[in-house]
Structures are given as structure tokens and as C-alpha cells.
Amino acid sequence: MKSSKKIMGESSLILIISTALVKIIGACFKIPLATDTFLGDIGFGYYSVAHDLYMPFYVLAISGLPAAIAKMTADYISCKKQNELKQNLLLSRRLFLIFGAVISGIVTLCSIPLTLTDILSKNTLYSVLAIVPSIFLCFLISVYRGYFEGKSNMYPTAISKIIEAVTKLVLGLIFAYIVMQKTNNPAFASASAMTAITIGTLISTFYLHIKFKNNLLKNTVSPLSKSHKSTLTLKTLLALALPFAMASLSSSLISFIDVFTVKTQISGNGCLYFLSFFDIEKTISLNELSTFLYGIRSKAFTLYYLIPTITMSIGIGALPVIAKCYSQNDIKAVNSNSIYILKLINCITIPASFGLFTLSQSIMELVYSSGDKLNSYMLCIYGVAALFTGIAVPLTTVLQSINLQKKCLIHIGIGFCIKILSSILFVKFTFINIFAAPISSVLCYLYITISLLILFKKHIGTIDFINSILKPLICSILCCAAAYFITEFSDSKIFTLLSILCGVVIYLLTLILFKTFSKSELSQLPLFGKLFEQKRLK
């Protein structure tokens, strides 16, 4: 029988691999999309604004709500209540469809006055309307993914994400290229790229619906009578889902806040003065300068967001296991698994964020061919933010699995307030300008991370400071120093790739050398577990 750590490791690995594939595919989509062949900086600015308005609802539907359904599923399965689970899942699906319809309508109705009153660019409206149907579909997807994740079956979630990404890549670039060639209108081209995202979500929904229907029927013990009443009500569903939903929004709402507190507040003349610091001259209208700068911010944000997305997969993989242990009152297993997960999170977040900070100029040149100081400094600051975001996002999921949703929600709410207030304050300074977006994110997640770690220590156990923080920190410094030294030989993209590869190898070797993980912990990891098993057989 598999141990809980091994189940968490396998679940997390599946999600991490699928997330990595999705992000690689996404990069193959976004990077060319930002070039002049497809959208250019202005068109990518339209795309980014619409995408950032859409992201909170998307993350709510594909991360927050599935987590709530996953916890409910894990609890019912641990109590062997398959029929009650089915009834409550069907009710959840009906309620989430209503939520999706209402929220899609609200987004549509609100986006029109925002663009007509010049709070947002009028050209952004086309992209917003193209993505709205995807919001509705994502709420249906949330029930399906949450059900499978609650059973620690991450394959349907992983496959559906890849379906979305591949469809977006293929159709998105084709649509954007054709529309740009035919109309030479970046606003229309941006909307066509958004349409591809909606089509990908639709195909993913069909796949998950078929898997859900077949799996649920197979696992139902006996037919449900019409008189059987669901134990789930709207009130209890909201009480369960709302904290998970708000916690999952903590990272995506950052972009939503940036649109209204940064992008809309920077003026054309202020942008010209700000760009003069970096010797950048742009022959575009004053009205479009803020969109241009927001496009640069979005390039760095895309790379920064890779880190919390990957570490979030660890939290999602751990949630059903820790929730099951907690429902069975196995406190020792809860503490052991939670401390183990925190170590995994830190061992990914610390080196990745240090890498963005240290190699910011080389990475921007490698990915976007934009190695100027403005792009470099933007990614550098986001690298600092990634250190805290990468820890806070999955840690929230771990704490929620032991019913600390409300306390997490309070700290996240305070973090949002810090983000909003600091954004409004910093954007007023001309020499900060668009940098207000990453700086306020650093302050926001610095508070959230510290408060959640305190909550972790109080309710779960003492953090293994040496193995969970100090050793990964030292290993990260060593690998980043080596990577930076290699890039000093040449600024070519080949040397940048070589430096990253060498940094990863040095980091893994130093982790092993410093014995960061014990043999028992390594044996629980899927890849290392097979090596240990083969060694024992010999």
C-alpha cells in the first residue's frame, strides 16, 4: 500500500510535469505573439489587459473551486459515502453553472462602460468579449477537476490543461497572424487570439464531462432514489468554496489590481519622462504609452508567474492526502506531510526566484530578445516577489486542508490592501511609474508569507529551518553565482542556456551533498523511489 507521502509525491509530480508542459506551450504562444509579426507591443498590451481582467475568474474556476470540491470529495471517500458524494457533486455542478452564467454576464456588462469611459482602451473591449464564454465553461470544469483531484487522480486535470494549451497555441497564432495580415489591426488580432483560448476551454470541457460521467456512474454503489436529499446546500457550498476561491485568487488578483491602480494611473507625459531614464524613444501616441509599458510589465509577469503556478501544483497534490488524514484525526500524519510539503515548496521556489533576480537581463534577452535595462529591472523586481509568492500560494492550500480557510482569508485580504495602497502611492512617483506593479507585489506577498508561516508553526508544527530554508538558500546562492559567472563570458543565448543548465545541476548536486532530504524522504519521491526499490531488489 502506498504511503501518504508517496501519493502526494506522485500527484504533485503529475501536476508539475503537466504544468511545465503547459507553460512551455504557453511560452511558445505568448513569446511570438508579442512580436511585430503577430501583435507587437501595442497589440500585446490589449491582450494583456484583457487577459489580466479574465485571469481572476479563470483561476477562481480552475484552482479555488476545484480545491473546495477536492476537499469535499476526499472527506466523503474517507467516510465511504459514494452516493452522498454523487448527489452533492451534481448539485455543485448546477450551482457552479449558475455562478458561471452570472459572472460572465457581469464581466460583459461591466467591460462596456469601462472601455466607453476611457478607463480602459476602447480597443480592449474586443478581446474581453472574446474571452467571456471561457469564464462560463471554466466553472463547469471546476467540478470535474475537483472530483478527480479529490480522488488523487491528477491525470484528467493534467490532460485537460494540455488540451487547452495546445489548442491555444495552434489556433491562437494562426488566428492572430491571419487577422493581422488581413486587417493590420492589433486590436482585432488580439481578440482572435483570445477566441482560440475559448475554443480550447470548450474542447477541454467535453473531455472532462465524458470522463466525469463514466467515472461517477462506475463508482456509485446503488441507484439514488428521488427522495434522497443532498446534504449540501448553497450556504454550506459557499462556506466551503469561498475561502478556497479567495485564497486561489491571491496571485491572479495581483494583475487585476495592477490594471486599475497602475495601468490606468500612468499618464502619457509621465511615461515619456520615465522612458527617458532608460534612453528609450517610442514613436507612438501619448495615449498608447501606458499600454506599451503595461505590455513590458506583462512580459516579466509571465516569467514570474511560472514559479507560483508550479508550486501551486504541489499544494493541490497534497490537499486530498492531508485533508483525508485530518478527517481521520491522524494529527501525526498531518504534521509530517505538511512539513515535508513545505520543504519541497522551498526547494523549488528559492532557487527559481534567485535565478530570475540574478539572470534577469540574460533571461529577458533569451526569451523576448528584450535585454534592455527597463525589461531587466522589471524581471529583477518580480524575481524578489516570486520568492514570497511561490511559498504563499501552495502554503495556503496546505493550511486550508486542515480547515484554516478563514484565517488564511483574513491574511490574504490584508495583503490585498497593502497591494492596493502601495500601488496607488508608488505609481504617483514618475521615476517609479510602471515599477509600482512589481514593488507593491513584493510588499503584498512579504506580509502574506510571513503571516502564513506563523500560522503554519502555530497549528501544524515547528518548521525545519536548517533543511527547509537554510540549505536550499545556500545551494541557491552557489548555483546562481555559478550561472552568473558563465553569462559573464558571453551574452549569447547559448551561454544563457548553458548557465541555466549548469545552475540546475549544481543546485541538485549541492542539495544531495548537504543531505537536505533524508533517504526515507527521497524514497517517497516517484523518481527516487524507483531507484531505491531497484537497489533493494539487487
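These legends go with several close-up views of a predicted model. Local features need pLDDT of at least 70 and side-chain atom pairs count only at pLDDT 80 or more, while totals for chains, interfaces and linings use all residues. Residues are numbered from 1 along each chain as its sequence is written, and side-chain values use heavy atoms, with hydrogens and water left out.

**View A. Asp258, Arg297 and Lys419 are linked in a network of salt bridges.** A salt bridge here is a side-chain nitrogen of Lys or Arg within 4 Å of a carboxyl oxygen of Asp or Glu. Between Arg297 and Asp258, the closest N and O atoms sit 3.0 Å apart. Arg297 belongs to helix H9 (residues 286-304) and Asp258 to helix H7 (residues 234-263), so this pair ties together parts 39 residues apart in sequence. Helices are DSSP runs (H or I, at least four residues), numbered from the N terminus. Lys419 also pairs with Asp258, with the closest N and O atoms 2.7 Å apart. Lys419 lies in helix H14 (residues 405-426), so its link to Asp258 in helix H7 joins parts 161 residues apart in sequence. Lys419 and Asp258 are both buried, and Arg297 is buried too, at a relative accessible area of 0%. Buried means under 20% relative accessible area, exposed over 50%, and partly exposed in between (1.4 Å probe, protein chains only).

**View B. Glu164 and Arg145 make a salt bridge.** Here the closest N and O atoms are 2.9 Å apart. Glu164 is in helix H5 and Arg145 in helix H4 (residues 124-150), so the pair ties together parts 19 residues apart in sequence. Glu164 is buried, with a relative accessible area of 10%, and Arg145 is buried as well, at 1%. A search of the whole structure turns up three salt bridges.

**View C. Val166, Val170, Ile174, Tyr177 and Ile178 make a nonpolar surface patch.** The patch covers about 400 Å². To count, residues need over 30% relative accessible area and no salt bridge, with nonpolar side chains (Val, Leu, Ile, Met, Phe, Trp, Tyr) joined within 5 Å and like charges within 9 Å. Areas come from the Shrake-Rupley method with a 1.4 Å probe, and for residues only the protein chains shown count as cover. Ile174 sits in helix H5 (residues 155-183) and is partly exposed, with a relative accessible area of 41%.

**View D. The structure has zero disulfides.** A disulfide would be a pair of cysteine sulfur atoms within 2.5 Å. For Cys444, the nearest cysteine sulfur is that of Cys417, 9.5 Å away. Cys444 is buried, at a relative accessible area of 0%. For Cys475, the nearest cysteine sulfur is that of Cys347, 7.9 Å away. Cys475 is buried, with a relative accessible area of 0%.

Technical notes
Helix = DSSP H or I, 4+ residues; strand = E, 2+ residues; numbered from the N terminus.
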